[in-house]
Amino acid sequence: MSYMDSFYENVESMGVVPVVVLDRVEDAEPLAKVLVEGGLPSAEVTFRTAAAADAIHTMAEKCPDILVGAGTVLNVEQAQRAVDAGASFIVSPGYDLGVVDFCLEHKIPVIPAGVTPTEVTALVNRGLEVTKFFPAAQYGGLATIKALASVFVGHRFMPTGGVNATNLAEYLASPAIIACGGTWMVKPQMIREGRFDEMLALTKEARSIIDACHAA
């Protein structure tokens with residue numbers, strides 16, 4: 001699956017995929033510009049709000065330098081809406097094989113979540129090489145990921161939930177980690193309050209941590 005290989009390479013180079021919750025479409029473009037300027041040119045826009053599809057469309061149309069996808073995708077109908085809006089990848093907090101098969105059939109990069117050996121087995125058997133690990137902190141974080149990686153040799157994980165600037169380097173130091181998902185640089189309240197300068201500083205800080213890890 002060459003399209004998946006190139007997507008995985010892109011995600012790994014980014015190091016962090018910001019998880020974005022947008023209540024207002026008008027925040028989509030300035031936020032996308034912050035992420036690009038700060039060195040994290042990607043966004044997993046969660047399908048938790050009514051503005052999600054329009055926000056994805058705005059980012060994809062107005063900011064071609066950002067890789068924008070949809071998160072919290074729970075069913076095929078949401079996946080279709082996300083793709084129609086311009087999402088270039090799909091992320092789920094768990095997995096629905098209908099969504100996985102829809103994405104594979106239409107050559108849409110997808111990172112579904114799994115935290116148990118049984119779940120990871122199901123996704124590996126669909127040909128996927130990367131699993132979202134969510135919520136990471138509650139399911140044992142890096143220790144659990146390392147245990148899974150010792151069994152599922154070559155499979156990699158994108159931990160999300162409890163990842164922040166203080167533990168990012170520890171996560172990225174593990175070869176089992178392709179990248180991390182995180183909200184700490186784009187918290188919903190910060191977006192609502194228009195604190196774009198603060199988000200830019202936090203994004204740049206994350207980028208510096210990623211660069212130091214990649215150089216190590």
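Let me start with S174: leaving aside its neighbours within four places in sequence, S174 is in contact with L142 and K146, where contact means heavy atoms within 4.5 Å. S174 sits in the loop between α8 (168-172) and β8 (180-182). Helices here are DSSP runs of H or I with at least four residues, strands are runs of E with at least two, and both are numbered from the N terminus. The relative accessible area of S174 is 6%, so S174 is buried. Buried means under 20% relative accessible area, exposed means over 50%, and partly exposed lies in between, with a 1.4 Å probe and protein chains only.

Before I go on, a word on the source. This is a predicted model, in which local features need pLDDT of at least 70 and side-chain atom pairs count only at pLDDT 80 or more, while totals for chains, interfaces and linings use all residues. Residues are numbered from 1 along each chain as its sequence is written, and side-chain values use heavy atoms, with hydrogens and water left out.

Now helix α1, residues 2-14. This helix has 13 residues and reaches 19 Å from its first C-alpha to its last, close to the 18 Å expected at 1.5 Å a residue; the expected span is 1.5 Å times one less than the number of residues. Which residues of α1 are buried? They are Y3, M4, F7, Y8, V11 and M14. These residues lie on the same side of α1 because they cover an arc of only 135° around the axis, the arc being that of the directions from the helix axis to the C-beta atoms. An α-helix has 3.6 residues a turn, so residues three or four places apart point the same way. On the face turned away from the buried side, α1 carries the exposed residues S2 and E9. After α1 comes G15, with a positive phi near 85°.

Next, a helix pair. Two packed helices are described by the angle between their axes and the distance between the axes. For α2 (residues 28-38) and α10 (residues 196-215), the axes come within 8 Å and cross at roughly 30°. Axes are lines fitted to C-alpha atoms, for helices over the stretch in contact, and angles run from 0 to 180 degrees between N-to-C directions. The crossing of α2 past α10 is right-handed; a crossing is right-handed if the near helix is turned clockwise from the far one by less than a right angle, and left-handed if anticlockwise. From α2, the contact is made by P30, L31, V34, L35, E37 and G38, and from α10 by F196, M199, L200, T203, K204 and R207. By type, the residues of this contact divide into 7 nonpolar, 2 polar and 3 charged. Nonpolar covers Ala, Val, Leu, Ile, Met, Phe, Trp, Tyr, Cys and Pro, charged covers Asp, Glu, Lys and Arg, and the others, Gly among them, count as polar.

Leaving aside neighbours within four places in sequence, R207 is in contact with S13, M14, G38, G39, L40 and H214.

On to L22, in the loop between β1 (16-20) and α2. Is L22 buried or exposed? At 0% relative accessibility, L22 counts as buried. L22 and P188 are 166 residues apart in sequence, yet 7.0 Å apart in space, C-alpha to C-alpha.

Last, some backbone items. Most residues other than glycine have a negative phi, and most peptide bonds are trans. T72, in the loop between β3 and α4, has a positive phi near 55° and is buried at 17% relative accessible area. K107, in the loop between α5 (97-105) and β5 (110-111), also has a positive phi, near 55°, but K107 counts as exposed at 58% relative accessibility. The peptide bond from F134 to P135 is cis, with omega near -10°, and P135 lies in the loop between β6 (130-133) and α7 (141-151).
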